[in-house]
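Visitor: Could you walk me through this model and tell me what stands behind the terms?
Guide: Gladly, here it is.

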Amino acid sequence: MPEQIFDASPVPSADGAVLSAEDAKLVTLARSSRARVGAVEGAAVRDQDGRTYAAASVALPSLAVTALQLAVAQAASSGTTRLEAAAVVTEASMLDGAGHAAVRDLSTDAPIHVAGPNGSLLGTVTA
């Protein structure tokens, strides 16, 4: 399978936005996944039934997967057909393109919340 390249997406400023309790839970899960293994990124997604899936980025010599890609893959492999929301905890200022594309494969309108390592919301990507 050929490698796919996706452009990173800019993250709009949060401008004092407050997350719902359910979306804040995604950030907490993403932070925990990242911290557990000392990964570059952590991510979590919520599906149409309210189930959550969390993952950390993987960087092996033969496999590199972003945290968001892995969380979406876990959801898809469990039968998820639609995502309600996603969250990524990262030090990056841009949302990785591959993770963004993976979320959009299951939802064209699910918000993707991007937070810093301390859990503070940096912004939300909606398109």
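Guide: Let us begin with pairing: two strands pair if DSSP finds at least two bridges between them. Strands themselves are DSSP runs (E, at least two residues), as helices are (H or I, at least four), numbered from the N terminus. This is a predicted model, where local features need pLDDT of at least 70, side-chain atom pairs count only at pLDDT 80 or more, and totals for chains, interfaces and linings use all residues. Residues are numbered from 1 along each chain as its sequence is written, and side-chain values use heavy atoms, with hydrogens and water left out.

Visitor: What makes β2 and β6 paired strands?
Guide: Pairing needs at least two bridges, and 6 bridges join β2 to β6 (residues 83-89), so the two antiparallel strands qualify. D47 stands opposite L83 there.

Visitor: What makes a nonpolar core?
Guide: It is a set of buried Ala, Val, Leu, Ile, Met, Phe, Trp, Tyr and Cys residues joined through side-chain atoms within 4.5 Å. The largest one has 20 residues, and V45 and L68 are among those touching the most other members. Helix α2 (67-77) gives the most to this core, with 5 residues.

Terms used:
Buried means under 20% relative accessible area, exposed over 50%, partly exposed in between (1.4 Å probe, protein chains only).
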